[in-house]
Amino acid sequence: MYDQILDLDCPFSFECLYSHPGSLIPYDQSGTRKQVAIIGGGIAGLVSAYELSQLNHKVTLLEADSRLGGRIKTHYFRDGTYGELGAMRIPASHGCTLHYIDKFKLPKRPFINYNPAAFYYLRGKKTCLDSYQELFSVYNLTTDEKKDPGIIYDELLSELIDSFSEQEKWELFAPTFTSDRVRKWDNLTVTEFFHNHLSPDAFQLLGHATGAIHYEKVSLLNGLIDFFAWHQVEQYELIGGMDILIKALAKRISGKIETEAKVTNIAITDKGVLVDWNKLDKQQTAEFDYIICTVPTTALARINFDPILPSKQQEAINNLGYCSSSKTLLHCTARPWEFAENIYGGGSFTDLNIEKCWYPCDNAQLDSNNFSQPHFVAKNKDISYQPSVLTAAYRWEDNSRKFVTLDESTKTDLTLEEVSQLHPNIKQYTDDVVHSIWDEDNNLGSGSYAYFAPGDREKYQPFLGQPYPINNPRVFFAGEHLGINHASVQGAIQTAVSAVIDILESSIF
């Protein structure tokens with residue numbers, strides 16, 4: 001997918017990098033229809049199955065879980081309200097994702113990433129995001145550091161990106177490096193970079209205000225790609241939940257979809273690929289022309305290959321890191337954050353275990369009387385007194401791993417207690433609580449998303465998605481972990497489309 005990036009000699013463009021190729025008919029030159037097994041029913045697997053079935057290839061999708069969607073996981077409460085336990089937003093630059101949303105005419109609205117009326121709660125002090133100066137009394141900052149922590153974050157990373165040539169910007173998304181400068185930044189962690197530019201207290205303030213403090217294992221290059229691809233870009237959410245994209249794809253796949261089907265073995269034969277899977281404690285076997293394997297490396301490592309995978313590929317699969325994350329949703333009988341505190345969309349940021357608190361955007365609209373900065377008001381004040389879902393916590397890394405050790409009632413008590421620091425009357429409006437911890441609840445593919453530690457990119461990326469066997473490929477790979485811009489639906493979809501094209505262009509019929 002990214003192999004040709006280093007050959008590009010033009011200004012960097014996400015529109016070019018992330019665009020969908022459109023109809024795949026031009027790649028499908030053989031009249032012979034192929035039998036293809038898709039392993040994994042997340043977004044990458046569903047896109048693979050959809051595109052192949054649209055071209056009348058015979059598809060069998062095997063998903064180990066009882067549901068489809070993978071890391072897209074919308075939780076629906078009994079009254080129809082919902083919240084996202086997985087992916088929740090789509091940047092406007094993510095062309096592959098928007099291709100399917102637009103193709104299926106799925107309704108979307110702006111996702112509010114920044115709302116100045118939301119809160120910081122840091123070192124016991126609560127203040128609105130646009131009143132960040134009130135935090136200076138509890139942090140020991142230099143004169144230059146006494147400004148909006150979000151602005152400092154933007155300035156430092158923007159300055160670094162602006163120092164790259166156009167070729168080096170493309171190289172951020174290439175599997176290997178030619179630039180020593182790019183390689184240099186890949187050998188630092190995100191937190192080391194900010195430590196090198198800020199005093200200890202300024203780092204603490206910026207780290208909690210932006211989430212950067214949790215990237216102590218993540219390479220600066222990985223973090224820089226996150227910033228470059230996501231920051232200050234218009235974003236969307238799907239009306240009805242991200243799961244409507246999963247349902248739209250699934251209902252258009254004209255092949256077999258098997259859930260609770262855990263693949264155990266993949267063996268190359270003279271004619272194709274033999275796949276073994278367990279379903280309801282019964283082993284099943286079938287032979288296919290090709291396979292697209294879309295599961296995370298944590299699940300891929302538990303599948304036996306015959307012959308075994310190349311040693312470099314197996315090493316990459318075994319050692320790629322995954323971030324821990326978890327969310328808590330509160331079902332509320334009304335929205336005190338709206339009618340009591342005038343917060344319509346956006347997020348609050350804390351140094352508590354809950355870390356981030358995201359507010360629903362469905363009742364938010366820009367105030368047409370305030371042009372100086374984004375200011376959101378209610379579309380309809382009556383909606384503020386109706387039931388809704390608050391993403392009360394979005395925890396990363398250590399906070400998520402600490403949370404996993406608590407029993408259920410303690411998890412709920414801690415979350416409500418900490419959200420009460422932001423919204424003192426939240427408990428009286430909360431009638432249901434849902435916790436989702438990716439390491440715990442989704443152990444078929446544990447961890448929420450892949451990341452590269454310093455040096456991992458060059459060590460693992462060239463081998464992770466290598467077709468198998470190399471000299472006569474029958475198994476192709478896709479998924480979020482291959483997307484370089486990790487933790488994105490875009491990366492999963494783009495690698496899936498690339499794997500489908502590889503199969504369509506294969507010379508084996």
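Modeller: Let us start with what is hidden. In helix H4, the buried residues are Pro149, Ile152, Tyr153, Asp154, Leu156, Leu157, Leu160 and Ile161. Buried means under 20% relative accessible area, exposed means over 50%, and partly exposed lies in between (1.4 Å probe, protein chains only). This is a predicted model: local features need pLDDT of at least 70, side-chain atom pairs count only at pLDDT 80 or more, and totals for chains, interfaces and linings use all residues. Residues are numbered from 1 along each chain as its sequence is written, and side-chain values use heavy atoms, with hydrogens and water left out.

Now the helix itself. Helices (H or I, at least four residues) and strands (E, at least two) are DSSP runs, numbered from the N terminus. H4 covers residues 149–162. At 1.5 Å a residue, its 14 residues should span 20 Å. The expected span is 1.5 Å times one less than the number of residues. The end C-alpha atoms of H4 are 20 Å apart, so the two values agree.

Look at the start of H4. There a side-chain oxygen of Asp148 reaches to within 2.9 Å of the backbone nitrogen of Gly150.

What do the buried residues of H4 pack against? They pack against strand E7 (119–122) and helices H5 (166–171), H6 (180–186), H7, H8 (200–210) and H9 (220–230). Contact means heavy atoms within 4.5 Å.

Take H7 as one of these partners. Two packed helices are described by the angle between their axes and the distance between the axes. H7 spans residues 190–197. The axes of H4 and H7 come within 12 Å and cross at roughly 105°. Axes are lines fitted to C-alpha atoms, for helices over the stretch in contact, and angles run from 0 to 180 degrees between N-to-C directions. H4 and H7 are therefore roughly perpendicular to each other. The cut-offs are under 35 degrees for roughly parallel, over 145 for roughly antiparallel, 65 to 115 for roughly perpendicular, and oblique for the rest.

Which residues meet there? From H4 come Tyr153, Leu156, Leu157 and Leu160. From H7 come Phe193, Phe194 and His197. By class, this contact of H4 with H7 has six nonpolar residues, one polar residue and no charged residues. Ala, Val, Leu, Ile, Met, Phe, Trp, Tyr, Cys and Pro count as nonpolar, Asp, Glu, Lys and Arg as charged, and the others, Gly among them, as polar.

How values were computed. A polar contact is a pair of N or O atoms within 3.5 Å; within protein, one must be able to donate a hydrogen and the other to accept it, and residues adjacent in sequence count only if both atoms are side-chain atoms.
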